[in-house]
Structures are given as structure tokens and as C-alpha cells.
Amino acid sequence: MKSCTVFAVQAQGADIMTIEGVANADGTLSALQEGFRMMHGLQCGFCTPGMILRAQRLLKENPNPTEAEIRMGISGNFCRCTGYQNIVRAIQYAAAKINGVEFQEAAE
Ligand code: FES
């Protein structure tokens with residue numbers, strides 16, 4: 001859920017995941033956080049928490065998404081800085097890591 005579209009009272013009793021809860025239990029970066037870092041998936045960082053949380057849900061539902069599925073999956077989140085290419089690469093990086101395979105840049 002986008003926090004700007006939900007009244008706090010509507011979330012009463014719900015489990016809420018924020019960007020602070022995305023890191024691994026030992027405090028290391030999650031695959032997605034690492035992907036955004038390694039693939040330069042952010043510039044100002046304003047959109048990054050939403051992108052990572054949306055991507056986390058996307059990868060939970062589809063651990064091996066195509067580029068088109070990633071782009072559709074994050075289409076409700078706006079980034080004014082990156083042009084999305086590196087965000088997509090960051091999510092592909094995380095998907096590869098989660099699946100235990102080496103990240104391969106797509107041929108252009
Ligand atoms: S990195 Fe600035 S809005 Fe996405």
C-alpha cells in the first residue's frame with residue numbers, strides 16, 4: 001500500500017513493512033538493497049524505499065520476472081531521476097541473487 005493513500009487507522013492491527021525492515025536479520029543488505037547499490041538504482045533516493053518494497057513483493061510473487069514484468073510491476077512508482085533502466089537492472093540483480101545464479105546483463 002502507498003502510505004499516502006491509507007489512513008493510519010485503516011492499518012490498525014496490520015503488519016506493516018517499511019524500508020527499515022527490508023535488511024537481513026543480521027543487518028546486512030538484502031538482495032534488493034545490494035542490487036540498488038551495485039547497479040546504481042538510485043540518484044536522489046526519494047523513490048527508493050517504494051521501489052524496493054514494490055520489487056520485494058514482485059519477487060515474492062514472481063522470483064524470475066522478465067524485464068517487461070519488472071517494468072509493469074514497478075509502474076505504479078515514479079522516479080524522477082534515473083530513467084528506470086538501473087532500477088530494472090537492480091531488480092534483475094536481486095532476482096539472480098535470490099535464485100542463486102550469476103547476474104547477467106541483458107544483451108542490447
Ligand atoms: S532516485 Fe530520485 S526519484 Fe528516483
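Does K97 count as buried, exposed or partly exposed, and what is its relative accessibility? In this predicted model, K97 counts as partly exposed, at 42% relative accessibility.

**View 1. The salt bridge between K97 and E34.** The side chains of K97 and E34 form a salt bridge, with an N to O distance of 2.7 Å. K97 belongs to helix 4 (residues 85–98) and E34 to helix 1 (residues 31–38), so this pair ties together parts that are 63 residues apart in sequence. The two partners are described by their relative accessible areas: E34 is buried at 17%, whereas K97 is partly exposed at 42%. The cut-off for a buried residue is under 20% relative accessible area.

**View 2. The contact of helix 1 with helix 4.** The axes of helix 1 and helix 4 come within 8 Å and cross at roughly 135 degrees. Helix 1 is therefore oblique to helix 4. The crossing in which helix 1 passes helix 4 is right-handed. On the side of helix 1, the residues in contact are A31, L32, E34, G35, F36 and M38. They meet I87, A90, I91, Y93, A94, K97 and I98 in helix 4. The residues of this contact divide into 10 nonpolar, 1 polar and 2 charged. Among the contact residues are E34 of helix 1 and K97 of helix 4, whose side chains meet in the salt bridge of View 1.

**View 3. The salt bridge between R71 and E67.** A salt bridge joins the side chains of R71 and E67, at 2.9 Å from N to O. Both residues lie in helix 3 (residues 67–73), where they are 4 residues apart, about one turn of the helix. R71 is partly exposed, with a relative accessible area of 31%. E67 is also partly exposed, with a relative accessible area of 33%.

**View 4. The salt bridge between R89 and E105.** The side chains of R89 and E105 meet in a salt bridge with an N to O distance of 2.5 Å. R89 is part of helix 4 and E105 lies in the segment after helix 4, so the pair ties together parts that are 16 residues apart in sequence. E105 is partly exposed, its relative accessible area being 46%.

**Note to the views.** The structure holds 4 salt bridges, including that of K97 with E34, that of R71 with E67 and that of R89 with E105. Side chains of opposite charge can pair when their charged atoms come close.

Terms used. Residues numbered from 1 in each chain as written. Predicted model: local features only at pLDDT ≥ 70, side-chain atom pairs only at ≥ 80, totals over all residues. Heavy atoms only, no water. Helix = DSSP H or I, 4+ residues; strand = E, 2+ residues; numbered from the N terminus. Buried < 20%, exposed > 50% of the residue type's maximum accessible area, 1.4 Å probe, protein only. Axes fitted to C-alpha atoms, helices over the stretch in contact; angles between N-to-C directions. Parallel < 35°, antiparallel > 145°, perpendicular 65-115°, else oblique. Left-handed = near helix turned anticlockwise from the far one by under 90°. Contact = heavy atoms within 4.5 Å. Nonpolar A, V, L, I, M, F, W, Y, C, P; charged D, E, K, R; others polar.
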